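Visitor: Hi, I'm new to this one. Can you put it up and walk me through it?

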Amino acid sequence: MIGIVREKINLNQVLHAVEDMSTGGVVIFIGRVRNHASGREVVCMEYEGYDKMAHRELEKIAAAVRSRWPVRQFAMVHRLGRLELGEASVIIAVACAHRAEAFVACEFAIDALKKRLPVWKKEILPDGEMWVDGVKPELNLYEEDDR
Amino acid sequence: MIRVQFDSPEISVRDAVQKLTRDYPKLKPYAAIVTAAVNGEYAGEETMLRHQDELALLPPISGGAN
């Protein structure tokens, strides 16, 4: 299950997608909207993305995760649009036979998302709005997978 | 989306960005911070563009939660 969506992410659906009787460890990461940033109160967040490319970048993360660790099931969903406080912008679920590789793979997946996904977010503040400072995409992230 | 006409059949991403900043001077401050993508794939400045290619110039990214 890989996707860029605009509706609320359903955690149960994500969990269902990684059901697998051969896996004993499932690590889930939920990134959600926080009520403050850099000391400012945040009212909500707005996410925009380059959809078609973002979807392909999620697929690349999935491929890299599977090539690096013995991941049996993998799900990753990122939401765009206006998100209220506490709502999930991203959910990642990694299922492996054992927990150790599931933890490592899940952390790699969220780090890769931060380095590659063409998505931008804006904080809506009580008295205005502000685009969040981003990072320059890391073009060589997957070079070691190609070798 | 903006459409730009080029005289040469093959130009690089760098050539395209240079022409865009000449035609649209307001883009100039952004030229150094954007990253190019061609047809939905990140692309270096040397990447050659062909007819009908889609070039996107992406500002620094900020997906995920904070």
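Visitor: To start, where is the place of Ile30(A)?

Guide: Ile30(A) sits in strand S2 of chain A. Strands (E, at least two residues) and helices (H or I, at least four) are DSSP runs, numbered from the N terminus. A note on the basis: this is a predicted model, where local features need pLDDT of at least 70, side-chain atom pairs count only at pLDDT 80 or more, and totals for chains, interfaces and linings use all residues. Residues are numbered from 1 along each chain as its sequence is written, chains are lettered from A and ligands numbered from 1 in the order in which they are written, and side-chain values use heavy atoms, with hydrogens and water left out.

Visitor: What does Ile30(A) count as, buried or exposed or partly exposed?

Guide: Partly exposed, because its relative accessibility is 38%. Buried means under 20% relative accessible area, exposed over 50%, and partly exposed in between (1.4 Å probe, protein chains only).

Visitor: Which residues form the nonpolar patch on the surface?

Guide: Leu11(A), Leu15(A), Val26(A), Ile28(A) and Ile30(A), with about 350 Å² of accessible area together. Helix H1 (11-17) and strand S2 (25-32) of chain A are the elements that give two or more residues to it. S2(A) has the largest share, three residues. Patch residues have over 30% relative accessible area and no salt bridge; like charges are joined within 9 Å, nonpolar side chains (Val, Leu, Ile, Met, Phe, Trp, Tyr) within 5 Å. Accessible areas come from the Shrake-Rupley method with a 1.4 Å probe, and for residues only the protein chains shown count as cover.

Visitor: Now strand S9 of chain A. Why is it largely enclosed?

Guide: Seven of the seven residues of S9(A), 119-125, are buried, so the rest of the structure largely encloses this strand. Both faces are covered, with Val119(A) among the buried residues on one side and Trp120(A) among those on the other.

Visitor: Which strand does S9(A) pair with over six bridges?

Guide: S5(A), residues 44-49, in the antiparallel sense. Pairing takes at least two DSSP bridges between two strands. Met45(A) has Glu123(A) as its bridge partner. S9(A) also runs antiparallel to S10(A), residues 128-131, joined by four bridges. Those two form a hairpin with two residues between them.

Visitor: Switching topic: how many residues does each chain give to the contact?

Guide: Chain A gives 32 and chain B gives 22, where contact means heavy atoms within 4.5 Å.

Visitor: And how many salt bridges cross the interface?

Guide: Three. A salt bridge is a side-chain nitrogen of Lys or Arg within 4 Å of a carboxyl oxygen of Asp or Glu. One joins Glu54(B) and Lys52(A), at 4.0 Å, N to O.
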